[in-house]
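Please walk me through this fold in plain steps.

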Amino acid sequence: MKDLAIIYWSGTGNTEAMANAIADGAKEAGSSVKLLDVDSATIEDVTSASVLAFGCPSMGDEVLEEMSFEPFIESLEGNDIKKPTLLFGSYDWGDGQWMREWADRMKGYGSLLINDGHIVNNEPGDDDIKELQDLGASLVK
């Protein structure tokens with residue numbers, strides 16, 4: 001079973017709920033999970049995990065959160081992140097441009113993206129939570 005590091009930033013709790021659902025699914029599948037707010041995460045958390053999930057909502061003009069999450073993601077360039085990776089986050093408006101740009105950037109860093117990112121409009125509902133739990137389980141199998 002693969003170990004999973006989930007590193008996220010959440011302003012309103014929506015992305016945190018998504019992170020928790022992914023963690024629940026992975027744990028249910030028997031995986032070891034490290035669930036970390038980005039301010040508690042280190043590069044070692046990224047390089048030591050066999051599977052990664054990064055979560056951040058769309059902010060401002062469809063960008064990543066700029067004070068904590070963006071600098072952390074920027075610091076990944078040149079590190080060992082050539083492993084299965086899921087990007088996820090919530091948004092309130094726009095069309096997901098932040099996720100497309102983030103996915104392209106992570107591919108450039110060498111990440112092996114699971115998909116083009118998983119986004120939820122505002123607060124995740126019951127169906128979203130179930131889908132995220134299933135994603136968490138599939139990440140570690």
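Glu-62 sits in the loop between β3 and α3. Helices (H or I, at least four residues) and strands (E, at least two) are DSSP runs, numbered from the N terminus. The phi of Glu-62 is near 55°, a positive value in a residue other than glycine. Most residues other than glycine have a negative phi. Glu-62 has a relative accessible area of 11%, so it counts as buried. Buried means under 20% relative accessible area, exposed over 50%, and partly exposed in between (1.4 Å probe, protein chains only).

This is a predicted model, in which local features need pLDDT of at least 70, side-chain atom pairs count only at pLDDT 80 or more, and totals for chains, interfaces and linings use all residues. Residues are numbered from 1 along each chain as its sequence is written, and side-chain values use heavy atoms, with hydrogens and water left out.

Asn-122 also has a positive phi, of about 60°, although it is not a glycine. Its place is in the loop between β6 (118-121) and α5. Asn-122 has 31% relative accessibility, so it counts as partly exposed.

Val-120 lies in strand β6. At 3% relative accessibility, Val-120 is buried. Val-120 touches Met-18, Gly-89, Ser-90, Tyr-91 and Asp-128, not counting residues up to four places away in sequence. Contact here means heavy atoms within 4.5 Å. Asp-104 is 16 residues from Val-120 in sequence and 19 Å from it in space, C-alpha to C-alpha.

Now the interior. In soluble globular proteins, nonpolar side chains tend to be buried together. A nonpolar core is a set of buried Ala, Val, Leu, Ile, Met, Phe, Trp, Tyr and Cys residues joined through side-chain atoms within 4.5 Å. The largest such core has 26 residues. Phe-54, Phe-69, Ile-73, Leu-76, Trp-102 and Met-106 touch the most other members. Two or more residues come from each of β1 (4-8), β3 (51-55), α3 (69-75), β4 (84-91) and α4 (97-108). α4 gives the most, with five residues.

Which residues does Phe-54 touch? Leaving out residues up to four places away in sequence, its contacts include Ile-7, Val-46, Phe-69, Phe-72, Ile-73 and Leu-76. Thr-85, Leu-86, Leu-87, Phe-88, Trp-102 and Met-106 also touch Phe-54. A second, separate core has 19 residues, among them Ala-21, Val-33, Ala-53 and Val-120.

Next, strand β1, where Tyr-8 lies. Tyr-8 is buried, with a relative accessible area of 8%. Beyond four places in sequence, Tyr-8 touches residues including Thr-15, Ala-19, Leu-35, Phe-69 and Phe-88. The side chains of Tyr-8 and Glu-16 are joined by a polar contact of 3.4 Å. Such a contact is a pair of N or O atoms within 3.5 Å; within protein, one must be able to donate a hydrogen and the other to accept it, and residues adjacent in sequence count only if both atoms are side-chain atoms. Tyr-8 and Asp-45 are 37 residues apart in sequence and 12 Å apart in space, C-alpha to C-alpha.

Two loop residues come next. Ile-81 lies in the loop between α3 and β4. Ile-81 is buried, with a relative accessible area of 0%. Ser-111 is found in the loop between α4 and β5 (112-113). Ser-111 is also buried, at 6% relative accessibility. Ile-81 and Ser-111 are in contact. Apart from neighbours within four places in sequence, Ser-111 also contacts Lys-83, Thr-85 and Met-106. Ile-81 contacts residues including Val-46, Leu-52, Leu-76 and Met-106.

Buried or exposed: which is Gly-108? Gly-108 lies in helix α4. At 68% relative accessibility, Gly-108 counts as exposed. Gly-108 and Glu-77 are 31 residues apart in sequence and 8.6 Å apart in space, C-alpha to C-alpha.

Last, a helix pair. Helix α1 (residues 14-28) and helix α5 (residues 126-139) pack at an angle of about 50°, with their axes 6 Å apart. Axes are lines fitted to C-alpha atoms, for helices over the stretch in contact, and angles run from 0 to 180 degrees between N-to-C directions. α1 and α5 are therefore oblique to each other. Angles under 35 degrees count as roughly parallel, over 145 as roughly antiparallel, 65 to 115 as roughly perpendicular and the rest as oblique. Residues making the contact include Ala-17, Met-18 and Ala-21 of α1 and Ile-129, Leu-132 and Gln-133 of α5.
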